[in-house]
Amino acid sequence: MVELKTDAALDAMRVAGRVVADALAAARAAAAPGTRLTELDEAARTVLREAGASSPFLGYRPSFAPTPFPAVLCVSVNDAIVHGIPDGYRLRDGDLVSIDCGAVVDGWAGDAATSFTVGTQRPEDRRLMETTHRALEAGIAAAVVGARMGDVSHAIGSIGRAAGYGIPEDFGGHGIGRAMHEDPPVPNDGRPGRGYVLRPGLVIAIEPMFLAGGGSDYTTAADGWTLRTLDGSRAAHFEHTVAVTEEGPRVLTLP
Ligand code: MG
Ligand code: MG
């Protein structure tokens, strides 16, 4: 069931969204060659704690997971697509890092992600990240009253396909509100003019993830969480929490 949010709820979600943006910025600022992934998580934890926010990631255990998620931040490096667990790995020059964070403030959730490189940037990584970010922007632009979910999905997927990137079918965006994952699903590819009609007060997390190798197959690592590209190519992931309003799309997870 899809729950449409009031204007007051959107304002409350904006508060949570700003905490998410701050936590991502802190984690990114902590990232450099030699930094342990746990240090990125600690940076995000500090922001959440100081804001009085709780983490919808910490202890999260969906049906596919063998263990509760142990961190407030997902950190996915190079061929890891999403859901990476921050561990003692030390970042190396040239690594492509995707970080994903959620926060709950006064019962309302925000969810966002970004990708960046550490140290020397490969041109192909820059193109992958720029294209994935452009797909996020296109998905946001398509999230207008009266459009259909297929329009959002198509806006994202057409950019990924045109660039020759792979798009995993099983993972994508989602409704969000009091729970981090609500209806409706927001697939990262689809047919325009199909699916759920977007109405004012709908809030969705839009989150393209593209795979540089062009294949869409992935494997789950031994930790039961981390998704890796099957071909070993790198992946990028960008996400914002976005409200559909009469005034147009409102991004709730901007700084
Ligand atoms: Mg997320
Ligand atoms: Mg999400």
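Let me begin with a term: by a nonpolar core I mean a set of buried Ala, Val, Leu, Ile, Met, Phe, Trp, Tyr and Cys residues joined through side-chain atoms within 4.5 Å. With that in hand, and keeping in mind that what we are looking at is a predicted model, I can say that the largest nonpolar core has 28 residues, and that those with the most contacts inside it are Met149, Val152, Leu198, Ile206 and Phe210. Two or more residues of this core come from each of helix 3 (123-141), helix 4 (149-162), strand 7 (203-206) and strand 12 (240-245).

Take Leu198 from that group: once its neighbours within four places in sequence are set aside, its contacts include Val145, Met149, Val152 and Val244. There is also another core, lying apart, which has 26 residues, among them Val19, Val20, Val77 and Ala103.

Three strands form an open sheet in the order 1-3-4, with antiparallel pairing. Strand 1 (73-77) and strand 4 (108-117) each have a single partner strand, so they stand at the edges, and one side of each is left without a neighbour in the sheet. On average, and ignoring direction, neighbouring strands here are turned by 10 degrees against each other.

Between strand 3, residues 96-105, and strand 4 there are ten bridges in the antiparallel sense, and Cys101 stands opposite Ala112 in strand 4.

Finally, the helices: helix 1, residues 7-30, packs on the sheet and touches strand 1, strand 3 and strand 4, its direction making about 30 degrees with that of strand 4, while helix 3 lies across strand 3 and strand 4 and runs at about 155 degrees to strand 4.

Methods. Residues numbered from 1 in each chain as written. Chains lettered and ligands numbered in written order. Predicted model: local features only at pLDDT ≥ 70, side-chain atom pairs only at ≥ 80, totals over all residues. Heavy atoms only, no water. Buried < 20%, exposed > 50% of the residue type's maximum accessible area, 1.4 Å probe, protein only. Helix = DSSP H or I, 4+ residues; strand = E, 2+ residues; numbered from the N terminus. Contact = heavy atoms within 4.5 Å. Pairing = 2+ DSSP bridges. Axes fitted to C-alpha atoms, helices over the stretch in contact; angles between N-to-C directions.
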